[in-house]
Structure formats: C-alpha cells, structure tokens
Amino acid sequence: MNILAIETSCDDTCIAILKSKINGENFGILSNIVSSQVKIHAKYGGVFPSLAKREHQKNLPVVLRKALKMAENPKIDVITVTVGPGLEPCLWTGINFAKELAEKMNLPIIPVNHIEAHILANFIGGNPRIFPAICLVVSGGHTQLILMKGIGKYRILGETRDDAAGECFDKVARILGLGYPGGPIIAAKAAEFRISNAGSGIKLPRPMLNTKDYDFSFSGLKTAVLYLVKNLKSEKKLTKKKVQEICFESQQSIVDVLIRKTMKAAKDFRAKTVILGGGVAANEELKGQLKQKIEKEIPRTKYLVPGTEYCTDNAVMTAITAFFHSTRKTKNWKKVIANANLRIDENV
Ligand code: KG4
Ligand code: ZN
C-alpha cells in the first residue's frame, strides 16, 4: 500500500509517500518533503496564520511534484491529511488540496490527528509497541501528557494551562531578539554557556513543578525573562554572555518541569514505555536528561524519541498514523473537515 500524506497544520508544507507491505509493518519512506516557511514568519517572531495559508497554497503543488518525482511516481492507494489540531486556515488548505487529489485520482482519504501523529512518529522505524505508555507531546502549539493504552486508546492526563513549551522557547528567543523558531537557537546559546561555565547565577521560576497534577504553565517563565531582560537592558548589562546564560537557565527551567511531570506520570501509571514527540522533543537536553532519569529511577521502562527530523512537523508521521487507522478511510470527502481544537481522545 502506498500512502500519500499531506500535513499543513502550522507553518511547514509537508508531503510524504510511505510504502507499507499490506498487513505488515515493513515501511519504506519513498519521499519526505518539508518546505519550511521559517524565513517568512521570522520577522513576526511567530506564525502568522493568513500568511501561512497563502504560502501553503503556493507550495503544495510544488511540494507534491517533488515528492512524486523523488518516489519515482508510484501508484498511490490512499491519501491522508492532517485535520487537526492546528491553525484552521492552514488545515483547510491541506484538506482542500487532499480532496482535489482524491477526486482526480478516485482515491479514499484517511483523516489524521496531528498530536497522535507526533506520538506514532516513534514507530516509523518499527520500534516495539509496549503499553501502557506515557507520552509527552511538546510542540509549538501543545504540551500534553497522555496515557496510551494502545494505538487509538488515549487519555489526556494533563496539559499546559497557558503557553506551550515550544511557544515559551519561541517567546524567550523573541524577547532576547534571537529570531524564530526559538527552540534550536536557545539550545545552541545554552550549549555555548555550558561549555564555558559551571552553572548559572540566574534563577528563573519552575512553574507548577511541585503540583500534584500533570498540568504545566509556562507563561510565568516568559514574563520573568521579560522583566529580567528589561532590567539588564536599563543597566546596560545585557552582554552576549548574559544572553547565553538566560538561554541556559530558561531551557533548564522548561526541561526540569517537563521531566518532573513525565516521571511522576510514568511512576503513577506504571508505564512500560515513555514516549516523547513534537518539535521540542528535538531538544538534546530534554532527551538526554529524561533518558538519564529513566535509567536511574525506572530502568525497566523503555524510552522512545523520534529521530530529529521526525520530531518537528513532517508528513511521514501523518502517513504512519493513517496506516494504523486504515479502516477510517472514506470516499465521503464531505466528512473530512478541519477541527482546529481536535483532541486526541476525540474521533477525527
Ligand atoms: O512540532 P512542531 O514542528 O510544530 C508544531 O506542531 O507546533 O514544533 C515546533 C516547535 C517550535 O516552538 C520550536 O521552537 C520547537 O518546536 N523546537 C525546539 C527545538 N527544535 C524545535 N525546541 C527546543 N529545542 C529544539 N532543539
Ligand atoms: Zn507539530
């Protein structure tokens, strides 16, 4: 079965073609194209939905041609598209494009949930699926802890009450004038600080670190950075070194809270696997420090993180999710609609 997948939930225009043996899980990635709009959104320090929609419309035909060419024009059996959660105008652009293709090629569509795709990105390489699992999905739009009892069986244990972890990285970078997306830039500056220093003299808050729930809050951290930077600027003390130090401490603050709550959930629910997913899962400190903690405190628990290119948005993860939900396929295209607030425990 060859699956053509379309993902336009945020600011990347992604198309991939995945080959799977029928009834088997021997996957081959025939093509995987991600057209990033980073340069366009960089001046706003975040994603501008109407601009992103226009870019998706422009990019989709080009990205499709590239994906088909790279895969050497295989016969496509089914089309899949992200229907939510995400930016509504962006989701619709992908869905309408999928419908046009499906009509032209007389193919069914499989609608996919973007958060589930971030989780199932871990099974592209054929990792064993051992449940229950605790999944931490951390992206630009979401921060959720999910109890997974199997594919399609999810319970949201907790989530952010305000900003997402990725959003916090992006906002801190914006305050420091470092560009967009903030995550990789903050991580690089933090690494520079780590090399030359023993520890940070700055102390930033770890919001909700000790609460008994599985929720998060990151807006207070961003505000703390805002005031700190304002003060340092007025005293003319915002040196290159200070910027590195703020990056180091902000990253550690986010990582500390994410790890504390994930470990609590893993222990409380006796997880057999801990799964990371989403753009922030590309963060080396989060990945490495969580690994150490699991090895030390719950060594029998498996730990899965996707390869970096499958942490950030891509359509291979959409394709694999469609593979696991192939019974959902429909030719009743009217039923395929965007849902910007779709939750993982709801039907698509
Ligand atoms: O999953 P994703 O590509 O898009 C959404 O679905 O939102 O995640 C994008 C987010 C951005 O906020 C970006 O700053 C963050 O992932 N990110 C990182 C890293 N790479 C991307 N955050 C921390 N460290 C990274 N290395
Ligand atoms: Zn995403």
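Predicted model: local features only at pLDDT ≥ 70, side-chain atom pairs only at ≥ 80, totals over all residues.
**View 1. Polar side chains beside oxygen atoms of ligand 1.** Aspartate 170 has a side-chain N or O atom 2.7 Å from an oxygen atom of ligand 1. For histidine 118, the distance from a polar side-chain atom to a ligand oxygen is 3.1 Å, and for histidine 114 it is 3.3 Å.

**View 2. Helix α7 against helix α8.** Follow residues 219-234 for α7 and residues 240-268 for α8. Their axes come within 11 Å and cross at roughly 165°, which means that α7 runs roughly antiparallel to α8. The crossing is right-handed. On the α7 side, look for Leu221, Val225, Leu228, Val229 and Leu232; they meet Lys242, Ile246, Ser250, Ser253 and Ile254 of α8. The residues of this contact comprise 7 nonpolar, 2 polar and 1 charged.

**View 3. Helix α8 against helix α9.** The partner of α8 in this view is α9, residues 284-297. The two helices pack at an angle of about 35°, and their axes lie 10 Å apart. Their crossing is right-handed. Residues of α8 in the contact include Gln251, Val255, Leu258, Ile259 and Met263, while α9 contributes residues including Leu286, Gln289, Leu290 and Ile294. By type, the residues of the contact of α8 with α9 divide into 7 nonpolar, 4 polar and 5 charged.

Key: Residues numbered from 1 in each chain as written. Chains lettered and ligands numbered in written order. Heavy atoms only, no water. Axes fitted to C-alpha atoms, helices over the stretch in contact; angles between N-to-C directions. Helix = DSSP H or I, 4+ residues; strand = E, 2+ residues; numbered from the N terminus. Parallel < 35°, antiparallel > 145°, perpendicular 65-115°, else oblique. Left-handed = near helix turned anticlockwise from the far one by under 90°. Contact = heavy atoms within 4.5 Å. Nonpolar A, V, L, I, M, F, W, Y, C, P; charged D, E, K, R; others polar. Polar contact = N/O pair within 3.5 Å; in protein donor to acceptor, adjacent residues only side chain to side chain.
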